[in-house]
Amino acid sequence: MLNYLTRLARQLAWLPLCALGACFPRNDRLWVFGAWHGQQYADNARALYRHVHAHEPDLRAVWLTHSRDVLRRVQEEGGEAAMAYSLRGILVSLRARLFLVTHSAEDVNAHASIGGTLINLTHGTPLKRFGRDAHARSQRIGGVTRLFDRYLRRLLPGKRGPDQVLVASSVGRERMMSAYGLPRERVVALGYPRWDAFRTDAAGLLRGAGIETRTFAGVLLYAPTLRMQGRGGLDVAQGKRLEALLPWLERERLLLLVRGHASLKMSGIAALERRSAHVREVPVSRFADVNALLPAVDLLLTDYSSLMFDYACLRRPIVLMAPDLANYLNEDVGVYGDYFADAPGPVIEGWQQLPAAWRAIQAGEHDAALARFVARHAALHDGRVCERITAHLRACSQQPVPRHA
């Protein structure tokens, strides 16, 4: 709650800057990027920023952040960056036309960007309900959260709605329209820039962290998402169930990687990691971009994470493990669609069912479901997403679109 109240106080303190932003002349060729509340250099915004910086020489791309560590990383990469509320960050924000974010205007300078165009690139096709669709409402500021969200939230510069939302598929389009309450023409399906991470040498990335995948017959990635909007935890080991699975992992020569959502409090993994070389955690702190790991993964195991939609681009098997499905549907935010009918592969309740699911996948029993899933969510994965998005954004401001090789 304290962190959220601090962000609200900052929103109020900078309100006079909004008037200046609303009347400042804008430059169509100056694009500002930011991600994850200004705390990360990651996701769709980073991939598109890198593309514009490298391949669109007539555009000026500037990354804005609230983190000095992020500032240093972008500058070390040769990019242009500034602290969002520094004098330089404010001047850039007053002149830029486009603001491209993954969450909200809080990713950049929410106040000086008033008068510009806010484009939400999003951070994944949602399976979890959010925004207006979420079953369970956040209690960010205690009992007054509902009243605040209904009457005051929309008035804050950092909480204003996007002018456009760019998504990965027609499925994502319908869900974003519903969650944000936007008309169809303001939500456009063009694919995700972050799919560029699939070109990463994932095995080399893991090797750099001391994880050698070549000694295993296969690599599984378990990627659970957050609970109760970051307030809940998860026992990854499910008591003794994961421990009981170790002989099977060793017999099949499988490596199980575990990477939880950045806001998920996980337990039960450290002891197993010390006991077996077949279980390794790949934390967000070490591997910020999970998509960069996916080329090394032979099977994804997840629950309600949007990672499954990205992984569909690789056309590899997916298992859904939902030990708390009833609670998630009824007490947490809930999910879009039919969890079972829409699943890309087997749905299991716990680790003890994984060997049977593995055998069913090997026998091809879920090939048709996976093919349907890929067609619904990964049809726009063609290696040209960033070009398509920049062409779309240029067209919106009537700029000429250059030809790419």
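Tutor: We begin with contact, which means heavy atoms within 4.5 Å. This is a predicted model, in which local features need pLDDT of at least 70 and side-chain atom pairs count only at pLDDT 80 or more, while totals for chains, interfaces and linings use all residues. Residues are numbered from 1 along each chain as its sequence is written, and side-chain values use heavy atoms, with hydrogens and water left out.

Student: Which residues does R253 touch, not counting residues up to four places away in sequence?
Tutor: With those neighbours set aside, R253 touches T215, F216, A217, G218 and H278. One of these, G218, is 35 residues from R253 in sequence, yet their C-alpha atoms are 6.9 Å apart in space.

Student: Why is R253 called partly exposed?
Tutor: Buried means under 20% relative accessible area, exposed means over 50%, and partly exposed is in between (1.4 Å probe, protein chains only). R253 has a relative accessible area of 44%, so it counts as partly exposed. R253 lies in the loop between α9 (241-252) and β10 (254-258), where helices (H or I, at least four residues) and strands (E, at least two) are DSSP runs numbered from the N terminus.

Student: What covers the buried residues of α15?
Tutor: The buried residues of α15 are V385, C386, I389, T390, H392, L393 and R394, and their cover includes β1 (27-33), α3 (43-55), β4 (96-101), β5 (117-120), β6 (164-167) and β7 (187-189). Just after α15, Q398 takes a positive phi of about 60 degrees.

Student: How many helices and strands does the protein have, and what makes it as compact as a globular protein of its length?
Tutor: The protein has 15 helices and 15 strands. The radius of gyration is taken over C-alpha atoms, and the globule rule is 2.2 Å times the number of residues to the power 0.38. For 405 residues the rule gives 22 Å, and the radius of gyration of the protein is 22 Å, so it is as compact as a globular protein of that length. Of these 405 residues, 54% count as buried.
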